[in-house]
Amino acid sequence: MSKKSNVLTLIVAFLVTFQVALAQGITPEDISTLKNVTSSIISEDGNHVAYTLSVPADPIKENLTSKNHLYVLNTKTGETKAYFTTASVRKLSFRPQYGTLTFLTKRTDDKHTSIYELALDGGEANKVFSYTSNVVDYQWNSTGKQILFTTVEKQKSPKNELVYQPHFYEETFEHRKAYIHNLDTKTTQEIIVKGEVYMISWSPDNTKIALTVSPTTAVDDSYMKQKIVVLDAATHKIITKVANEGKLGQIVWSPDSKKLALRAAKDLHDPIDGNLLIVSATTGGKPINLDVDFKGKYEQIAWDNAKTIHFLASVGTASMIGSIQPDGKNKKTIYKNNAQAIRSFSKNKENTFSFVANTPTHPNALFTLSNKRKAKAEKRTHHNPWLADRKLGKQEVIRYKARDGKYEIEGMLIYPVNYNEGTKVPLITVVHGGPESHYLNGWLTAYSMPGQAAAARGYAVFYPNYRGSTGRGNEFTYSSQGDMGGKEFDDIVDGVDYLIEKGIADKKRVGVTGGSYGGYASAWMSTYYSDRFAASVMFVGISNNLSKWGTSDIPEELFLVHSRKRLWKDWEGYLKTSPVYYVDKAQTPILIMHGAEDPRVHPAQSMELYRHIKVRKPEVPVRLIYYPGEGHGNRRSGSQYDYNLRMLQWFDTYLKTGNATAEKPNLDLPVLD
């Protein structure tokens, strides 16, 4: 029998025995098959909702990214149908005046990503428009006959008579351009602006266009330097410029085409685009923040009528859909569920909503909400029916005081399946990235988040929203700036102490994992706080803030919204916030994993920590794994599945036992029992 056949046999045996042994809890194999609704749009009559469904590739057969398939829900009958599954689709839209459904996709015989169209009663998808390069984004004007679109176009390669082509680092960026295409005249006009175009928005009266433009396509510029310009749609002449600062997430026109609503940063030092601002589309100037004291984060906005802007917001660990007037008054909650994480919404003129949300018991699904008073949201999709046969650990929101007494910290705790109250169990602490991010009280299980898969194996799993997290207002989000690795990470340890005091976590069996900034925390806990943690799994994480600055694609963003100090003015401070500085304290077995092509946190960050531990603390178990073809997080099915198995194997070896001297697992694909 071949080596490949042996591995496949072991995997099949594992999948069969694993489910039986763990009382039908969630398994790594289950995680690899999870389907998630990723977006939705509701028709104006409310009779149909088009949505995209992420369908993962089989990790045993192929190492590919998930595909986004197109489905349509008939809201009257409750029936869902697959409309387009031969390729991935995105950017769903209803074509004005036509009532058809349009989207971006690239079929096997297409050279570039193009716009396709489908009738709502199904049938064959027809190509509406293609260009000489990929269409990145598009928007119909109100006639349904003109398309505003953006492309990413390659620069000409430098002349080279040799047989190879060298790579000119950060000198051969692609260009982002905007165009208008007229379907009647079949003409395409470029919109000439100085810089690179990202977001596009056509005014409701078709007379103006709003664009966001950055100086270059460097990631730092796209994050921190996008500016809004408003142009005449016919002449393409600039009408006004907006003096927005910092990060920018969304631009939305008022119904009278006179103003713009922005989901954007409060100022240049705001790490997120979570504020709601208003600015004139004719005079420009500095936008006005409508809700500066909001103790939450705006996630999505939609300008409905002259008196109403609808929004999706995170408030702590919960989500809400609400409305507010353009003057910032009369803010209302339309829908809120404390055990539901809403990801996006769509609404029609009758105020009927479709939205994508997950809960502690299921991943992203499609919901609808009628315009009736006190209406309840209805779950409309069930693409993971096998979940009904799985036992899940109880999940709850917990709150505890930080040691300095300044904040109450929130987080989620998943108990082991069949947990007996009063029993001390091993605890896995999962730290989110950013730090400008947060966990909602929803589905918290994925290839890199152990969640219910760990609960099925007897672990409790803790998800802290430490200071610097979003969803708690501007002051809380800014609170960790200038203190990397300081009080923000102390908050995490304080949460662990809280769970120990409650008699849930076993003090000698506490583990940690996370990606990016969460990987930084995992490295910090296994060095600076190593006496507190029995095992660590670090993913695409930071180990040396000195070298990280010069090897990342966002050094300016790091300065403006995190460190607030220039590296060359505080060399010692950057060094002392680096896990490698504290390796002499290391005693925590650590598994380090990283995408081999990560542009955000260079793979060398993982190598540095690995090498420091191997040389300075050779008795500490350490392993470094690189994933070829992956960047800042694994996107392909095989590498995600492999990661999930090895993470759980590492925790089973060192955390569940509390034995730091255990022999490292062998390198074969893990077969968990």
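A charge sits over a ring if NZ of Lys or CZ of Arg is within 6 Å of the ring centre and within 35 degrees of the ring normal. That is the test behind the first view of this predicted model.

**View 1. Two charged side chains sit over aromatic rings.** R95 puts its charged end over the ring of Y98, at 3.7 Å from the ring's centre. In the other example, K331 lies over the face of F294, and here the distance to the ring centre is 3.3 Å.

View 2. Buried or exposed, or in between: what is W549? W549 counts as partly exposed because its relative accessibility is 24%, and W568 is partly exposed too, at 44%.

**View 3. W650 and Y654 make a tilted pair.** The ring centres are 4.8 Å apart and the planes stand at 55°, so the pair counts as tilted. Both residues come from helix α12 (residues 637-655), 4 residues apart, which is about one turn of the helix. W650 and Y654 are both buried.

**View 4. Ring pairs build a cluster.** Which residues are linked into the cluster? The members are Y466, F489, Y517, Y520, W524, Y528, Y529, Y581 and Y582, joined up by ring pairs.

Methods. Residues are numbered from 1 along each chain as its sequence is written. This is a predicted model: local features need pLDDT of at least 70, side-chain atom pairs count only at pLDDT 80 or more; totals for chains, interfaces and linings use all residues. Side-chain values use heavy atoms; hydrogens and water are left out. Buried means under 20% relative accessible area, exposed over 50%, partly exposed in between (1.4 Å probe, protein chains only). Rings of Phe, Tyr and Trp (its six-membered ring) pair if their centres lie within 6.5 Å; planes under 30 degrees apart count as stacked, over 60 as edge-to-face and the rest as tilted. Helices (H or I, at least four residues) and strands (E, at least two) are DSSP runs, numbered from the N terminus.
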